[in-house]
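Let's take a walk through this fold, one piece at a time. Have the viewer open and follow along.

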Amino acid sequence: MDFIQFILDHADDDTSRLLLSRQKYPQIDMSLAVSTIESRRKLRSKVPQWYNIPSLKFPLPLSSEQCSSTITAKYKASLAGRLISGKGRIADLTGGLGVDCWAFSSVAFEVLYNEMQKPLAEASEWNFKELGISNIKVSSKRIAPKGEADEKGSFEIGDVLGDFRPDLIFMDPARRSSGGRKVFLLEDCSPDVLALQNELLETCPLLMLKLSPMADITALCRRLSHVREIHVVSSERECKEILVVQDIGFVGEPRIVAVELGKTDGKFIFSPSEEADAKPQFLIDLPKEGDILFEPGKALSKSGAFNLFSARSGFLKLAPSTHLYISKGAAQEDFSALGNKFIIKEIQPLNKRTLKDIGTRYPKADITARNIPMTSDELRKRLGIHSSGPFHVFGVKISTDGGNYLIVTEPFPLKNVGTRE
């Protein structure tokens, strides 16, 4: 039986049973088939362009789980294209599944894909050909800091690059320990970009790192050198990654870019000193029915632009540590792609009586707790409300009188942060 046809015929099968039935299909590499089937399921919505080509091979299912989506890969490619000012060369030294290289190939004259796991590199070389890409050079070498390369197959950066002269180096260090546990500190990732950064920047003046969305932005600025930009990238209501651009010629304060990718992309660009100096506007009176409540998206929240956003947008902040905002009167559409807008239906003090009353009248609603002495899950239990439904209940502290309130809302008609086709 043809391998591709087998993949298509068994796309929805129980893969555990397929493994047990490998003797029925001696001509099929069942381990590769099962890994490919499982990977394709993950890629169906994540990278549909790859899913639509059944001849692609995926030997390691974890790589499809950890790879970029089409929308985030294209964002990185757009950023890389701007940094190299056109058709330069990009070296991806931690190739993975190759989705980022696939995107880079559209903005660079030539791309070097290096993946330390040989089976993945061999599959990617095949996949790039099946995708019709001819400007990606494939390599499989393990990276070690200068002086630590050994006879077991570790190479210094210069040896990995060979005669390839990149205008930009991209790295996405693995964020799992040898035991499979997720890690977030730079020095715990593989390769260790802290140990390599000087050597990398001596080799190429521009470096782009893809890091965990859990990484602390202040710590990144402190621990990494020559940080020019930090991009906090969110899509589908989730912060996906943090991109750090290091430029050996850059001295000064980095700019932070909060990016919400959706049907309409939203960006908020600022410097840490701007946020430190910003004077937000606070509510004078309690919100009322018909006011618009703005909830920042994940990228804006992660970026930390809490006071500056109020100063720029004119939205009124609920309290110093309650990062929700009220728009009095007409909605300001310039900021709609950066979060979610809701129309306030009612506002009640948070107490035992109103918890029971709101829970009875709105049995299905999304719940968010902000700056009150309980979590969102605890508030949901107290309300006795089931998730989903047409309403959203916010439990918040408001600085007008320092009290805790329940705000019942409905989505504003121009609700924004979505998924771009």
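Predicted model: local features only at pLDDT ≥ 70, side-chain atom pairs only at ≥ 80, totals over all residues.

Residues are numbered from 1 along each chain as its sequence is written, and side-chain values use heavy atoms, with hydrogens and water left out.

Start with the open sheet, whose nine strands run in the order β3-β2-β1-β6-β7-β9-β8-β10-β11 with mixed pairing. Helices (H or I, at least four residues) and strands (E, at least two) are DSSP runs, numbered from the N terminus, and two strands pair if DSSP finds at least two bridges between them. The edges belong to β3 (136–139) and β11 (266–270); each has a single partner strand, so one side of each has no neighbour in the sheet. From one strand to the next, the twist averages 15°. Axes here are lines fitted to C-alpha atoms, for helices over the stretch in contact, and angles run from 0 to 180 degrees between N-to-C directions.

Now look at the helices on this sheet. Helix α6 (residues 70–83) lies across several strands, including β1 (89–92), β7 (206–211) and β8 (227–235), and runs at about 160° to β8. Helix α10 (residues 193–203) packs on the sheet too, touching β6, β7 and β9, and its direction makes about 170° with that of β6.

Strand β2 (residues 110–114) pairs with β3 in the parallel sense over four bridges, and V138 in β3 is the bridge partner of Y113. Also in β3 is S139. Is S139 buried or exposed? S139 counts as buried, at 12% relative accessibility; buried means under 20% relative accessible area, exposed over 50%, and partly exposed in between (1.4 Å probe, protein chains only). The S139 side chain makes a polar contact with the side chain of N114 at 2.9 Å. That term means a pair of N or O atoms within 3.5 Å; within protein, one must be able to donate a hydrogen and the other to accept it, and residues adjacent in sequence count only if both atoms are side-chain atoms. Setting aside neighbours within four places in sequence, S139 is in contact (heavy atoms within 4.5 Å) with residues including L112, A121 and V160.

On to the rings. The structure holds 15 aromatic pairs; rings of Phe, Tyr and Trp (its six-membered ring) pair if their centres lie within 6.5 Å, with planes under 30 degrees apart counted as stacked, over 60 as edge-to-face and the rest as tilted. F294 and F315 have ring centres 5.5 Å apart and planes at 55°, so this pair is tilted. Both F294 and F315 are buried. F309 and Y325 pair edge-to-face, at 5.1 Å centre to centre with 70° between the planes, and both F309 and Y325 are buried as well.

Finally, check the backbone. S190 and P191 are joined by a cis peptide bond, with omega about 0°, and P191 sits in the loop between β6 and α10. H226 isn't a glycine, yet has a positive phi of about 55°; H226 is partly exposed, at 31%.
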